[in-house]
2 protein chains.
Amino acid sequence: MAERNFRELLENQWEQDKFLCVGLDSDFEKVPEAARPPAGGGVGETIVSFNRAIIDATKDLVCAFKPNSAFYESHGDEGWKALRETIQYINEVAPDVPVILDAKRGDIANTNAAYTASTFDHLRADAVTVQPYLGGEPLAPFFARKDKGVIVLCHTSNPGAGEIQNLMVEGKLLYKVIAHLAATKWNDNGNCCVMVGATYPQELSEVREIVGDMPILTAGIGVQDGDLKKTVQAGKDRRGRGFIINASRSVIFASNGKDFAEVARKKATELHGAITNAL
Amino acid sequence: MAERNFRELLENQWEQDKFLCVGLDSDFEKVPEAARPPAGGGVGETIVSFNRAIIDATKDLVCAFKPNSAFYESHGDEGWKALRETIQYINEVAPDVPVILDAKRGDIANTNAAYTASTFDHLRADAVTVQPYLGGEPLAPFFARKDKGVIVLCHTSNPGAGEIQNLMVEGKLLYKVIAHLAATKWNDNGNCCVMVGATYPQELSEVREIVGDMPILTAGIGVQDGDLKKTVQAGKDRRGRGFIINASRSVIFASNGKDFAEVARKKATELHGAITNAL
C-alpha cells in the first residue's frame, strides 16, 4: 500500500467541497457526562469515547480532523495513549480524512527528527504544525517526509499575535517574511503549508497573496470569533479551494447534554453550509 | 511543604558553584546495551534505567537536569511514562536539583493552560522552555505559575538560527527584541528566563547586557561545538553566576560500553571544572 499523502487526501476532500476541520481539543473537564463510556473508565478512555462519538457524527462533513496535543499531554501517558487511539480510530472509520496534529513543535534538527518519529510514525498523523522561530534549517527532518504536511505558524489567532508577528523587518511585516520563506526557500518538497488565524482576515488575505495555491490552515472561528465569510473570501486560492477552516470548542462542546454528538453534527453542518455559501 | 521554587533551587546550586546542566536527551537508539535493565524490559524501562544511572553518576555535579521531551514522545505513551518516572526519580534522589523540561511549547493561552498542566502538574518539572513567536500574551498561563521557570527561546544554537532571529527589526536584531521583552514586559512575576545557544558567544554576551541578572540557559557545548570559556565569560551575570550550561549527548553518550555512567561522570566532572576555571 502506498503511503498516505496529506496533500492528495486534502485535494480529494476539496473536490467534494469540504473545507471544515473539526479540532479535537478534547479538554477532559469539558467532556459531557453523557460521553463517558458505559462501563465507566478513566480519563483516557473517556476522551477516546467522546472523540469517537464526535468523529462518527462529523466525519462526512470535514476535510480534516485536528487534535491539539496539549489536551492529551495534560493527562500524561494515559492522555498520549488516548491521542494515539483517536488518530487510529479516524484512520479506521474515515481513512480518506487526513489528521493534522496541532503540536506547534520546533527544536534543533537532531531533536526535530525525534519529533517526526513521535508525530508521524508513532501517532500516525498526516500533518503537523511547527514553529518558525528557529528558521527553516532545523525543520529539514519534517520537510524530508514528503508525504506529510508541515504547517508553519505564520500569523496566529491570539489577540497578542502582533507583538512579534507584526514587527517590521526591513519594511516588511515579520509574518509576511515567514509566509514568503514558507512558500519558497522552505518548500523544496512541496509539502509546506501555513497557518493563519481566522481572527485576522486582512492578514489572511495578504498571506494568500504571498503563498499562491499553498494550503492554508486557519483557526479561530467560533469561540475565537473570526468572521466566517471574510475568512473564506480571504483564504481561498485561485481555484476557490486551498484552505482548511478549523473549529474546535464551538463544535465539539456545543452541547453539554446527551445530545452532544447530534448537536456537534448540527454545528458542523451549519459551518459546512456557511463555508460553501461563502465561496 | 512549600512548593519548590525554580529560582531558589537554582540560586542554591549557584552558591555551590554548580552551573552544569545535564541534558537527558535519552535517544533510545543510542542507549548502550549495558544500560538495559537486568531483567530485560521495553523501551521505556530501558530509558528510565539508563537515566537513573546517569542521574546517580552526575547529580552532585549539576545545577539542573534537562530532559528533552522529543526523545520520550517518540516512543508514545511508554516514552511519556519514562519521562514522568525520570523526573520523579530526580525529585527523589536529588530533591535540590531543579528539572527543566525542554519542550519548546507555545500555543494560544487556552491551550498553553493545558501545557502547564502537562509540564508542571503531571510531569512535575520546575521549568519549561517556550517559544516566543506568539507573543507574551498567550504565555500568561506559564508566567502565572510563579514558582516555575519559564525559559523563552531567544537565540537558539542551530546553524540556521539567524535566518529569523537575526532579522533586523527597526534597527534592532529580532533576538534582542525578544530578550528585551523577556526582561521587561513579560517578566511581571520575575520567573522569566531566556535561552541562548552556546554556539553564539557574541550574541550570548549581548543578551546578557539586555537581561541583567536574569537566568540564561545556554545549550550547544559539546557535540554542537560551542566554546566553553567564551560561553562562561559571555553568559555570567554581575555576580559571576546566573547561567546554566547544558551538555547532553557529549556527557550521556560519552561511552557506549559498560562504563557509560562512569565516563559520563568523568565528562561532567571535566565540564564542571572547566566552567569554574573559566569564571
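## Chatting through a two-chain model

Student: Start with chain A: what share of contacts between residues at least 6 apart in sequence join residues at least 24 apart?
Tutor: That's 73% in chain A, with two residues in contact if their C-beta atoms, placed from the backbone, lie within 7 Å. This is a predicted model, where local features need pLDDT of at least 70, side-chain atom pairs count only at pLDDT 80 or more, and totals for chains, interfaces and linings use all residues. Residues are numbered from 1 along each chain as its sequence is written, while chains are lettered from A and ligands numbered from 1 in the order in which they are written.

Student: How many helices and strands in chain A?
Tutor: Twelve helices and ten strands, taken as DSSP runs numbered from the N terminus (helices: H or I, at least four residues; strands: E, at least two).

Student: And why call chain A as compact as a globular protein of that length?
Tutor: Because its radius of gyration is 18 Å, close to the 19 Å the globule rule gives for 279 residues. The radius is taken over C-alpha atoms, and the rule is 2.2 Å times the number of residues to the power 0.38.

Student: What fraction of chain A is buried?
Tutor: 59% of its 279 residues. Buried means 20 or more other C-beta atoms within 10 Å of the residue's own, exposed means 12 or fewer, and partly exposed is in between.

Student: Switching to Glu209(A): buried or exposed?
Tutor: Exposed, because it has 11 C-beta neighbours inside 10 Å. Glu209(A) sits in helix α9 (residues 201-211) of chain A.

Student: OK, the interface. How many residues of chain B are in contact with chain A?
Tutor: 46 residues of chain B, with 46 residues of chain A. On the chain B side, α5(B) gives the most, with seven residues. By class that side has 20 nonpolar, 16 polar and ten charged residues. Ala, Val, Leu, Ile, Met, Phe, Trp, Tyr, Cys and Pro count as nonpolar, Asp, Glu, Lys and Arg as charged, and the others, Gly among them, as polar.

Student: What rotation superposes chain B on chain A?
Tutor: 180°, with 0.0 Å of shift along the axis and an RMSD of 0.0 Å. The copies are therefore related as by a two-fold rotation axis. The same surface serves both copies, as 100% of the contact residues of chain B recur in chain A.

Student: Last one: which contacts does Val194(B) make beyond its neighbours within four places in sequence?
Tutor: Among them are Ile151(B), Cys154(B), Ala182(B), Val207(B) and Met214(B).

How values were computed:
Least-squares fit on C-alpha atoms with pLDDT ≥ 70 in both.
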